[in-house]
Amino acid sequence: MTGKSKITRKWLVEQDACQEGITWFDEHFPKGGAYQNVLDALALENRIDYAQWLIDHAGATKEIRKIEGDLALEHSFFFSGSLQVTGRIAVHFLAAGTGIKAGTGIKAGTGIKAGWGIEAGTGIEAGTG
């Protein structure tokens, strides 16, 4: 699967998604949506539970997102592949399908989850997980 792979209602049902998650998806993506676009929408609403479920079921991708400088957001950030940031990361919750690497530090208000590894130059801080 890639970040552009289409997530559909049918696929969610086949994966035994919860009814609330399917309802959310139907409201936001009535014709289906690209994997990464669905993760982006979930991030804006801090739907950590749905995003983690989706990454667990759709799997990690081989894509790499590189960000020059800092990644500082009031909401969560979810990515299906590997995230590389040259500066610091400061978000509500951070999840990546494979790995996370920050040039300086990582601070997440509620938690951090990566499939394979997390690396930060000066430190990692997660509020609850």
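Asp49 is partly exposed, with a relative accessible area of 44%; the term partly exposed covers values between buried (under 20% relative accessible area) and exposed (over 50%), taken with a 1.4 Å probe and protein chains only. The model is predicted, so local features need pLDDT of at least 70 and side-chain atom pairs count only at pLDDT 80 or more, while totals for chains, interfaces and linings use all residues. Residues are numbered from 1 along each chain as its sequence is written, and side-chain values use heavy atoms, with hydrogens and water left out.

**Salt bridges**

- The structure holds four salt bridges, a salt bridge being a side-chain nitrogen of Lys or Arg within 4 Å of a carboxyl oxygen of Asp or Glu.
- One of them joins Asp49 to Arg47, with the closest N and O atoms 3.1 Å apart.
- Arg47 is partly exposed as well, at 24% relative accessibility.
- A further salt bridge links the side chains of Arg88 and Asp70 at 3.8 Å, N to O.
- Because Arg88 lies in the loop between β6 and β7 (89-96) and Asp70 in the loop between β3 (64-67) and β4 (71-72), this pair ties together parts that are 18 residues apart in sequence.
- Arg88 is partly exposed at 37% relative accessibility, and Asp70 is partly exposed with a relative accessible area of 48%.
- Glu14 and Lys10 also form a salt bridge, their closest N and O atoms being 3.9 Å apart.
- These two residues are four apart in helix α1 (residues 9-14), so about one helical turn separates Glu14 from Lys10.
- Both Glu14 and Lys10 are exposed.

**Surroundings of Gln84**

- Gln84 belongs to strand β6 (residues 82-85) and is partly exposed, with a relative accessible area of 29%.
- Leaving aside residues up to four places away in sequence, Gln84 touches Ile64, Arg65, Lys66, Ile67 and Lys101; a contact means heavy atoms within 4.5 Å.
- Gln84 and Ile64 are 20 residues apart in sequence, and their C-alpha atoms are 7.3 Å apart in space.

**The chain as a whole**

- The protein chain contains four helices and 11 strands; helices (H or I, at least four residues) and strands (E, at least two) are DSSP runs, numbered from the N terminus.
- Of its 129 residues, 45% count as buried.
- Among contacts between residues at least 6 apart in sequence, 28% join residues at least 24 apart.
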